[in-house]
Amino acid sequence: MIQRVQTIFLFVLVVCMISTIFVPTWVRLSGEADVLAQMDTYELITYNETGEPSTTNVIYLTVLSVLSALLGLASIFSYKNRMTQVKLNMVNILLIGAVIIINAYFFATYQTLGGEAGKSQFSFGFFLPFVALLMNNMANRFIKRDEQLVKSVDRLR
């Protein structure tokens with residue numbers, strides 16, 4: 001049945017991973033509030049001393065986010081086979097984890113940009129994969145609970 005509580009969790013996961021594409025991830029500011037680096041899921045923009053931008057293509061973050069959202073949708077619509085849902089959610093954990101690790105890598109790499117006076121600000125997009133990961137785990141918990149309930153009912157027959 002599609003009206004189960006895990007469907008809500010999986011839908012929130014899909015919304016979070018799609019929103020990750022459109023929201024900036026983090027910004028590195030200098031002491032004078034000039035932007036030194038800014039990262040989205042599709043590009044990393046760094047500015048040199050003269051203020052000229054240099055972009056690095058990180059489109060694979062967008063691809064991973066879209067794949068994760070599509071896997072969440074596939075999991076929602078495979079409600080008739082709960083074990084398939086669990087397997088899809090396990091693969092989704094890997095995809096979301098890859099997004100988190102790549103974001104953390106770029107943040108750690110560009111954190112020293114601008115010296116000690118600079119400061120980094122996490123944007124809303126940095127935390128969305130963490131929310132999606134939490135929603136995925138909650139959905140798995142309720143899917144497994146449903147599977148145990150079905151097995152216990154089968155034993156009574």
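**Close-up views: aromatic rings and salt bridges**

**View 1. Ring pairs join Trp26, Phe107, Phe122, Phe126, Phe127 and Phe130 into a cluster.** This is a predicted model: local features need pLDDT of at least 70, side-chain atom pairs count only at pLDDT 80 or more, and totals for chains, interfaces and linings use all residues. Residues are numbered from 1 along each chain as its sequence is written, and side-chain values use heavy atoms, without hydrogens and water. Rings of Phe, Tyr and Trp (its six-membered ring) pair if their centres lie within 6.5 Å; planes under 30 degrees apart are stacked, over 60 edge-to-face, and the rest tilted. By this rule there are nine aromatic pairs.

**View 2. Phe126 and Phe130 form a tilted pair.** Their centres are 6.0 Å apart, with 50 degrees between the planes. The two residues sit four apart in helix α4 (residues 124–156), so about one helical turn separates them. Helices are DSSP runs of H or I, at least four residues long, numbered from the N terminus. Phe126 is buried at 10% relative accessible area. Phe130 is partly exposed at 40%. Buried means under 20%, exposed over 50%, and partly exposed in between (1.4 Å probe, protein chains only).

**View 3. Arg4 and Asp146 meet in a salt bridge.** The N to O distance is 3.2 Å. Arg4 lies in the segment before α1 (5–22) and Asp146 in helix α4, so the pair ties together parts 142 residues apart in sequence. Arg4 is buried, at 12%. A salt bridge puts a side-chain nitrogen of Lys or Arg within 4 Å of a carboxyl oxygen of Asp or Glu. The whole structure has two.

**View 4. Arg82 forms a salt bridge with Glu147.** The closest N and O atoms are 2.8 Å apart. Arg82 is in helix α3 (residues 82–110) and Glu147 in helix α4, 65 residues apart. Arg82 is buried at 19%, and Glu147 is buried at 16%.
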